[in-house]
Amino acid sequence: MHKSDYFNRVVEQCGYLNKIILEAENLQDLEQTVNLYSTARSETNDLTKSLRLFLSEVKPNEKLKAA
């Protein structure tokens, strides 16, 4: 996967996470809130693992510009 494609996917995932968290903050039902926060945590863990894997595959001579 190209770097730009990968980072575009990461941006989409962050947007999804943001929506989940905002929805959880606005819910009145505690059980639904907990479920959404749990989903957000799981998605964040998956994203973190994906980023670690991606960065481990980047060759040392390839430069990544900071976001």
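Visitor: Which residues of α1 are buried?

Guide: This is a predicted model, and in it the buried residues of α1 are Y6, V10, L17, I20 and A24. These buried residues pack against α2.

Visitor: How many residues does α1 have, and what length does it reach?

Guide: Helix α1 has 24 residues. From its first C-alpha to its last it reaches 35 Å, close to the 34 Å expected at 1.5 Å a residue.

Visitor: Which residues make up the largest nonpolar core?

Guide: The general idea is that, in soluble globular proteins, nonpolar side chains tend to be buried together. Here the largest nonpolar core has 10 residues: Y6, V10, L17, I20, A24, L36, A40, L47, F54 and V58. Helix α1 gives the most, with five residues.

Visitor: What does I20 touch, leaving out residues up to four places away in sequence?

Guide: On that count, I20 touches L36, T39 and A40. Two of these contacts, L36 and A40, are listed in the largest nonpolar core, as is I20.

Visitor: How many aromatic pairs are there?

Guide: A pair needs ring centres within 6.5 Å, and the angle between the planes then sets its class. By this rule there are three aromatic pairs. One of them joins Y6 and F7, with 5.6 Å centre to centre and 70° between the planes, and is edge-to-face.

Visitor: Is the pair of Y6 and F54 stacked or edge-to-face?

Guide: Planes under 30 degrees apart count as stacked. The ring centres of Y6 and F54 are 4.1 Å apart and the planes are at 10°, so this pair is stacked. It links distant parts of the chain: Y6 lies in helix α1 (residues 3–26) and F54 in helix α2 (residues 30–57), 48 residues apart. Ring pairs link Y6, F7 and F54 into a cluster.

Visitor: Where is S50, and is S50 buried or exposed?

Guide: S50 is in helix α2. Its relative accessible area is 18%, so S50 counts as buried.

Visitor: What does the side chain of S50 make a polar contact with?

Guide: The partner is the side chain of Y6, at 2.7 Å. Leaving out residues up to four places away in sequence, S50 touches Y6 and R9. The C-alpha atoms of S50 and V10 are separated by 9.2 Å, although these residues are 40 residues apart along the chain.

Visitor: What should be noted about Y6?

Guide: Y6 is a residue of the largest nonpolar core, forms an edge-to-face pair with F7, and has a side-chain polar contact with S50.

Technical notes:
Residues are numbered from 1 along each chain as its sequence is written. This is a predicted model: local features need pLDDT of at least 70, side-chain atom pairs count only at pLDDT 80 or more; totals for chains, interfaces and linings use all residues. Side-chain values use heavy atoms; hydrogens and water are left out. Rings of Phe, Tyr and Trp (its six-membered ring) pair if their centres lie within 6.5 Å; planes under 30 degrees apart count as stacked, over 60 as edge-to-face and the rest as tilted. Helices (H or I, at least four residues) and strands (E, at least two) are DSSP runs, numbered from the N terminus. A nonpolar core is a set of buried Ala, Val, Leu, Ile, Met, Phe, Trp, Tyr and Cys residues joined through side-chain atoms within 4.5 Å. Buried means under 20% relative accessible area, exposed over 50%, partly exposed in between (1.4 Å probe, protein chains only). Contact means heavy atoms within 4.5 Å. A polar contact is a pair of N or O atoms within 3.5 Å; within protein, one must be able to donate a hydrogen and the other to accept it, and residues adjacent in sequence count only if both atoms are side-chain atoms. The expected span of a helix is 1.5 Å times one less than its number of residues.
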